[in-house]
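Thanks for asking me to look this one over. Here are my notes, point by point, to read alongside the model.

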Amino acid sequence: MRWDDIRVFLAVARRESLSAAGRALRLDPATVGRRVQRLEEALGARLFVKSPQGYALSEAGQGFLAHAGAVEQAVTGALEETRGDPDLLTGSIRIGAPDGCATFLLPQVTAAICDANPGLEVQIVALPRVFNLSKREADMAIGVSRPTAGRLTVQKLTDYQLHLVGARSYLDAHPPIRRRADLEGHRLVGYIPDMIYDTELDYLAETGAERVALASNSVTVQLNWVRQGAGLAVVHDFAMAGQGDLCKVLPGEIALTRSFYLIRHADDRRVERLNRFADQLAAGLRAEVARRERLT
């Protein structure tokens with residue numbers, strides 16, 4: 001049995017497709033298929049069941065998955081111990097994050113970590129959804145609530161603040177807003193209701209409104225609507241830093257507090273490289289949120 005074949009098995013198990021696994025490994029799908037077949041022959045068991053939806057793990061494949069993951073961690077740890085300066089992080093780490101965090105916070109934080117660790121590569125996947133760490137869509141993810149299922153470890157990173165915000169041009173051109181009832185008739189910007197993937201992102205009740213006129217699943221799109229004077233939206237304070245044309249509306253009445261959580265697969269607690277990166281990421285994110293909120 002070869003480590004390379006186990007690596008291919010893990011890629012197919014996580015992506016449920018020969019072609020997707022091949023793209024990740026930079027192998028053609030036929031080679032991926034041959035590697036899987038070779039591993040199945042070595043184990044004397046069929047590891048996948050092919051269907052129109054892709055490659056699903058068989059019962060034997062499910063049983064082998066945990067062992068293969070342990071082998072992967074052992075190999076990764078051994079490589080880290082033998083490469084260069086043991087105090088420096090190396091290799092590639094992928095982080096999944098909601099787009100607000102990924103746009104306004106993670107670039108600065110991860111750039112600083114990479115500056116201190118020249119051999120490190122960081123990938124940020126900015127998608128408005130929950131990431132499946134069991135399928136290794138990412139090495140770790142940042143979420144806005146604690147997951148309730150799965151073999152995961154969860155660490156609270158920091159609280160952050162949000163307020164109702166409008167561009168000065170919008171506020172100057174529309175009736176004044178002195179109390180919550182004055183919001184009636186104003187155009188609101190927010191999430192597409194049926195695409196809110198976490199209840200912590202459902203801000204509509206905080207404004208007392210029943211609907212939004214302009215909606216997107218991206219907070220960046222929402223913020224750009226507000227900057228264009230298109231309406232009012234609940235916006236992260238950290239996203240307002242440097243946006244001098246934006247003003248808080250009813251800050252004493254509409255003020256939200258939410259939290260970021262670092263979510264990791266439970267098995268990764270034994271991977272020292274990921275532990276050290278997670279510590280640096282947590283410290284950097286807390287500092288960046290505090291820095292940007294002081295600017296608003």
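1. Which residues of strand β5 (residues 140–143) are buried on one side, and which on the other? Met-140 and Ile-142 are buried on one side, and Ala-141 and Gly-143 on the other, so that both faces of the strand are covered. Buried here means under 20% relative accessible area, exposed means over 50%, and partly exposed lies in between (1.4 Å probe, protein chains only). In a regular strand the side chains alternate between the two faces of the sheet.

2. A word on what you are viewing. This is a predicted model, in which local features need pLDDT of at least 70 and side-chain atom pairs count only at pLDDT 80 or more, while totals for chains, interfaces and linings use all residues. Residues are numbered from 1 along each chain as its sequence is written, and side-chain values use heavy atoms, with hydrogens and water left out.

3. Now for the neighbours of β5. Strand β3 (residues 91–97) runs parallel to β5 and is joined to it by 2 bridges, with Gly-96 of β3 partnered by Ala-141. Strand β11 (residues 255–265) pairs with β5 in the antiparallel sense, over 4 bridges, and there Ala-141 has Ile-263 as its bridge partner. Strands (E, at least two residues) and helices (H or I, at least four) are DSSP runs numbered from the N terminus, and two strands pair if DSSP finds at least two bridges between them.

4. On cysteines, the model holds 0 disulfides, a disulfide being a pair of cysteine sulfur atoms within 2.5 Å. For Cys-101, the closest cysteine sulfur is that of Cys-114, at 15 Å, which is too far for a bond. Cys-101 is buried at 1% relative accessible area, and Cys-247 also counts as buried, at 17%.

5. Do look at the helix pair. Helix α6 (residues 106–116) packs against helix α11 (residues 272–294) at about 135°, the axes being 9 Å apart. Axes are lines fitted to C-alpha atoms, for helices over the stretch in contact, and angles run from 0 to 180 degrees between N-to-C directions. The two helices are therefore oblique to each other: angles under 35 degrees count as roughly parallel, over 145 as roughly antiparallel, 65 to 115 as roughly perpendicular and the rest as oblique. Residues in contact (heavy atoms within 4.5 Å) include Leu-106 and Ile-113 of α6 and Phe-277 and Arg-292 of α11.

6. Lastly, Gly-252 sits in the loop between β10 (246–248) and β11. Gly-252 is exposed, at 78% relative accessible area. Its C-alpha atom is 30 Å from that of Leu-262, 10 residues apart along the chain.
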